[in-house]
Amino acid sequence: MKKLLAKILNTVFDTRFTPVILLLLCLLSYGIFIPSTGFFIDDWYFMWFKHFFGALQFPAYYGVDRPFQGFFYPVASFILAGSESPIVWGLFAVILRWFCTLALWGTLKTLWPKSNLQNSLVAILAAVFPGFTQHWFVIQYSYYYACLAFFFLSNTLMIKAIREPKKFWIYYPLSIMLGFYSMTSEFFFGLELIRPIILYIEFKRIDQTFGKLIVSIIKYWGAFLVAFIGFAIWRFLFVTGVNHQVVITNAFLLNPFGTMLSILRSLFQSVIDSVINAWAYLFNFSNYPQKGAVSILIPSVMAAVFVSLSIWLLLSRRKKTVESPMRIYSWRREGLLLSIASLIFAGIPFLVAGLKIDYLGFNNRFLLAYLFGSCLLIVLIFDFIFSWTRSGVLPSILRASGLLVCTLLVAVAVGYQISNANFYKNVWIRQKELFWQLDWRIPGLQPGTTLFTNSPDSEGDMYSGNALTAQLDWTYSSGVINRQVDYQFIILDSGQGKLIESLDKNVPIYIDFRTYVFRGNTSQSIYVNLPTLGCLRILDQNLNPPETVIWNFNFFQPTQKTRNILASTALTDLNLILNEKISQNRPPLQILGNEISHTWCYFFEKAELARQFGEYEKVISLLDEATSKGYTPLVDTEWYPFIDAFARTGDWQNAELITTRLASRDDATLHLGLCYLWQKLAKDFTDSNSPRNTTEIINTILECIK
């Protein structure tokens, strides 16, 4: 029994246990909130496309620009048994993230078999790399994780092919295939240029002359170089129908010196962002929730990771043999060369497309290509400062201190990723609320309708028109015939806005998005307001003019966004909204889950729908039911339909009572809305049944400007 226990302990407290440590870190960092999150942005229309067209159509979907990416999703869909569940895809993304770090560890072990501690630390840092925070686009980035893993596997197989000639024709062709597939993702295209440096490190250890060294590198890199050049020519010269065009050529022609200076500045900044800023940002306490259960969970997990990982790293070193100074020097020199080269080459695909690389915001997705170089360089810095490879009492104390500092960095990074996951959880809650509110407000929708909106003031980056279109068609369309979709959602203040010729009446709308098209007309459209506070609203120039709903709406000095809102609400045709479903579809429950609780917004959306169809008694009934359950308007402008309904059913006393209470609010938007509402009531009831106090409310209580 003692021998078995000793064997287990020796296995656990050994760097060979690294794969398990990596898996645990990935599960803690990205797995806790999987049941509480769904799909975001691109993932929505990936899954919609798969549902309506089938996974085997993805090669056609990506055929115009990324043909090899199209083959990943049918395979992934087959592995996941065709699942459309965010939980299943979330787990799949975590496994691929783990597989990616495992492949990185394998490459390091193959290249530096005696540097066990350093190899493990690089992989551990890579598992929680804070420069990349968009893991939660699980469908999209599962592909990029796989490609990065293929890149590392390709290099491992290449080294094995050199060292094991008998298996050369197994390892080498497979290495070429994996490397080529990885570079076609474009994200990791630049990393391919570190391959000759890996070959240099490998052959430099053999006593070769300079000429033989160069010949050996060219010999083994030649096939990869041909693939690299071939893909570059195809991508840069022949592909035009893509989101990110090559702009560097024109920039050089116009201003070669300025362009070169800009490139060098961008390269330097991207290195600083990936090696320093992204890691330092972990210690910005504003990144973490200040209250609630998650504010307790995060420090608890941090402490557990710090203690556990510290014990494991310290005990896994107890049998460490002292390396020769020459071997230590070689590892540092080779690692420094490889890390710097990786950080420089990683940015090539983004720089040629004129894309900004940043550790903050949506553009930190590009830092995924910097993961390897950043983590390797940080371990090199720690190794140099804390002298992990020396022997003696003082070096041992220094070494232990260095391991504790490194472990602290990992623990905080785990907490940061959990905090980031909590952000996506909250975004998903809000998105689900808006999706269900849309379904409550619009039970049915005439085919051919375009929905216009603008990005919400907060979380604007978390919405895209294509994603909203997928949700819209999934909810209201019975199917897709001849690749033509029934509905289109357009965010006017995004790049989509350029697809609309003008917001005048009767302007044709034609959208051609990869493998499907939409044909509509501006006169067949509805404006949807996605608020930061309150419930979703349909805006028009009759029931809900935008200046009476959107807080602080400045129509005296209109911006382009304001002009777009005014123009699109003027186009809104409420007759396109049907009071019953024309399709058996509903919001896809396999993604959204069961219908959310009927709180205030449910009653409000149903009241707005009833008001649209003149069912004023129903509006009042919905208010009574809501208030009986303790629900009241989230924002004051949500009182409009109920004031209107009270007045139109003859209960002018309640209409006046609510209005008088609201009139004291210091809110220009609310004041304008109340004036608009009562002036419209006065106009509609001018013949015989307008009460005496209508004019008094308009002129005295509200003091409306005529």
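Me: What makes Thr18, Pro19, Leu22, Leu23, Cys26, Leu27 and Tyr30 in H2 count as meeting H6?

Reply: Contact means heavy atoms within 4.5 Å, and these residues of H2 meet Val94, Arg97, Trp98, Thr101, Leu102 and Trp105 in H6. The residues of this contact divide into 10 nonpolar, two polar and one charged, where Ala, Val, Leu, Ile, Met, Phe, Trp, Tyr, Cys and Pro count as nonpolar, Asp, Glu, Lys and Arg as charged, and the others, Gly among them, as polar. This is a predicted model, in which local features need pLDDT of at least 70 and side-chain atom pairs count only at pLDDT 80 or more, while totals for chains, interfaces and linings use all residues. Residues are numbered from 1 along each chain as its sequence is written, and side-chain values use heavy atoms, with hydrogens and water left out.

Me: How is the crossing of H2 and H6 described?

Reply: The axes of helix H2 (residues 18–30) and helix H6 (residues 86–111) come within 9 Å and cross at roughly 145 degrees. Helices are DSSP runs of H or I with at least four residues, strands are runs of E with at least two, and both are numbered from the N terminus. Axes are lines fitted to C-alpha atoms, for helices over the stretch in contact, and angles run from 0 to 180 degrees between N-to-C directions.

Me: Why is Ser185 called buried?

Reply: Buried means under 20% relative accessible area, exposed over 50%, and partly exposed in between, with a 1.4 Å probe and protein chains only. Ser185 has a relative accessible area of 1%, so Ser185 is buried. Ser185 is found in the loop between H9 and helix H10 (195–204). Leaving aside neighbours within four places in sequence, Ser185 is in contact with Tyr143, Tyr144 and Cys147.

Me: Why is Ala81 called exposed?

Reply: The relative accessible area of Ala81 is 72%, and therefore Ala81 is exposed. Ala81 lies in the loop between H5 and H6. Although Ala81 is not a glycine, its phi is positive, about 60 degrees.

Me: Why is Asn506 called exposed?

Reply: With a relative accessible area of 56%, Asn506 is exposed. Asn506 sits in the loop between S3 and strand S4 (508–513). Asn506 has a positive phi of about 60 degrees although it is not a glycine.

Me: What makes strand S3 and strand S7 edge strands?

Reply: Two strands pair if DSSP finds at least two bridges between them. Strand S3 (488–491) and strand S7 (537–539) each pair on one side only. The open sheet has four strands in the order S3-S2-S6-S7, with mixed pairing. Three bridges join strand S6 (residues 525–529) to S7, and these two run antiparallel.
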